[in-house]
Amino acid sequence: MIKKTTFAAALLAATVLSGAASAKTFVYCSEGSPEGFDPGLYTAGTTFDAAAHTVYNRLLEFKKGTTETEPGLAESYTISDDGLEYTFKLRPGVKFQTTEFFTPSRELNADDVVFSYERQLKADNPWNKYVAGASWEYAAGMGFPEVIKSVEKVDDLTVKFTLTRKEAPFLANIAMPFASIISKEYADKLQADGKMNQMNQMPLGTGPFQFVAYQQDAIIRYKANPEYWGGKQKIDDLVFAITPDASVRFQKLKAGECHLMPFPNAADVAAMKADPNLKVMEQEGLNVSYLAYNTTQAPFDKVEVRKALNKSINKQAIVDAVFQGAASVAKNPIPPTMWSYNEAVEDDSYDPDAAKKMLEEAGVKDLSMKIWAMPVSRPYMLNARRAAELMQADLAKVGVKAEIVSYEWAEYLDKSKAKDRDGAVILGWTGDNGDPDNFLDTLLGCDAVGGNNRAQWCNKEFDDLVTKAKETTDLAERTKLYEQAQVVFKKDAPWATLDHSLSVVPMRKGVEGFVQSPLGDFAFDGVDITE
């Protein structure tokens, strides 16, 4: 059973922002609850922030504020001449966290790395299906079971990955949250005790903060890992105060009940900038928001219907209403700040008259459909309900009746993956590693159908292009292939591309050391508070 505490009691005990206690407590007003605490099982940034960027580490990490990799649990690596073998030297002396629920007897070694990957790659591994209904969505969507031939222990501090083919984004991919390294010793103990599901409830890793307690939909508590290989944090206690409503998050920030918040309402940003007790960071987001049709279900299986619906939607109106200009209309499935972005692609223009005619020519009359609206704010879509309402009104003008539906966040993510899902789903993506493959193959590849590919779209021409790009190490050639793939995507229209947003992060003036990430994550190692 997870240790629970009340939100009010936790804040009182922490003496938040009071300065009366010597311990420093940092409160993050997070936007939602994690789906779980095993980052390999999920794809949501909410979950990664609550697990991967607090409790765990990876072989390689992303350098703060960049998409460049740097040493993490591996201090060095070599690549064979044929590009198929990657050998990693592990950092010596890395300790797993000692918690109330587990005390490790050894340091990190190669067994932990092999276990962390094999549980995701091998269907016969006892940990492969330890959470009912969950799957290794990221590993599968990126083709890891096919790409990674083996993960072998060379010695206690050396691990060798052998690939089946060249994989240009491999190093960036293993720096991503789903590739976090788990304690095999902890896993073995849970398996022996018949408590395997505890891995997803009470995480234990090598990261800067260690898990203390979680009260569902209310609060997550962590404390600084005193034996962290990167040095003990300046923050003693870290609190995630789960606050789905952006307006409420802002009120808590103003009142000093939290130090930092994500995804503010666009209408509140000016007031935040004017508040002398706050400061606001901004940068171009490496993201896209989209409306994914289920291309396997009639009438959305017809490209002419999808193109007609795209022409029905006034995307500029969505940008103006939801972001108040702090975003741009999207035409491609990757953001314009990413290399290989194809500027020459022409967007589907907003033209209700043409859309209505196209639907008539396609034999579609009295169409009723569902628009799925996310229940949480994300950087790429601050208010999905409002965006859905605008689309609903636009579609009504061309004779299409749209019903808006929503679910709790974890349920929304799960249900929207179904191959027989009805209607069109609002979702989006913030790049995890700065590589176009992370958008084009992860979200739209054939291997991702039934997972991250919410459009259930498998186009052989597109898939061949992105697969060839993955296997090509020449950057100029990869760029050409991705540019061609964007043309195919636009022609077949599995999505209505909506927007690319500006990433805005407000915080208390006394917050020091927080680095805004182009990957959209919220990590608090290295952060301090002076108020």
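Author: Contact here means heavy atoms within 4.5 Å of each other. This is a predicted model, where local features need pLDDT of at least 70 and side-chain atom pairs count only at pLDDT 80 or more, while totals for chains, interfaces and linings use all residues. Residues are numbered from 1 along each chain as its sequence is written, and side-chain values use heavy atoms, with hydrogens and water left out.

Reader: Good to know! Which residues does Tyr-117 touch by that rule?

Author: Leaving aside residues up to four places away in sequence, Tyr-117 touches Leu-59, Phe-144, Ile-148, Val-151, Phe-161, Ile-174, Ala-179 and Ile-181.

Reader: What makes a set of residues a nonpolar core?

Author: Its members are buried Ala, Val, Leu, Ile, Met, Phe, Trp, Tyr and Cys residues joined through side-chain atoms within 4.5 Å. Buried means under 20% relative accessible area, exposed over 50%, and partly exposed in between, with a 1.4 Å probe and protein chains only. The largest core has 153 residues, and Tyr-117, Phe-161 and Phe-524 touch the most other members. A second, separate core has 12 residues, including Val-27, Val-239, Cys-258 and Met-272.

Reader: Why is Cys-258 called buried?

Author: Its relative accessible area is 0%, and the cut-off is under 20%, so Cys-258 counts as buried. Cys-29 is buried too, with a value of 0%.

Reader: How do you know that Cys-446 and Cys-458 form a disulfide?

Author: The rule asks for a pair of cysteine sulfur atoms within 2.5 Å. The sulfur atoms of Cys-446 and Cys-458 are 2.0 Å apart, so this pair passes. By this rule the count comes to one disulfide.

Reader: And what makes that disulfide right-handed?

Author: The torsion about its S-S bond is about 95 degrees, so the disulfide of Cys-446 and Cys-458 is right-handed. Both cysteines lie in the loop between α15 (437–444) and α16 (460–470), so the pair ties together parts 12 residues apart in sequence.

Reader: Are those two cysteines buried or exposed?

Author: Cys-446 is buried, at 19%, whereas Cys-458 is exposed, at 51%.

Reader: Why is α15 described as largely enclosed?

Author: Helices (H or I, at least four residues) and strands (E, at least two) are DSSP runs, numbered from the N terminus. Eight of the eight residues of α15 are buried, so the rest of the structure largely encloses this helix. Among them are Phe-439, Leu-440, Leu-443 and Leu-444. For α10 (residues 303–312), eight of the 10 residues are buried, so α10 is largely enclosed as well. Its buried residues pack against β12 (287–293), α12 (352–361), β14 (368–372), α13 (384–396), α17 (475–492) and β17 (495–508).

Reader: Which residues lie nearest the centre of the largest cavity?

Author: Of its 17 lining residues, they are Ser-503, Gln-516, Ser-517, Gly-520 and Asp-521. The elements giving two or more residues to this lining are β11 (278–284) and β17.

Terms used: 1 Å grid on protein atoms, 1.4 Å probe; cavity = no way out; pocket = protein on both sides within 12 Å on 5 of 7 lines; lining within 4 Å.
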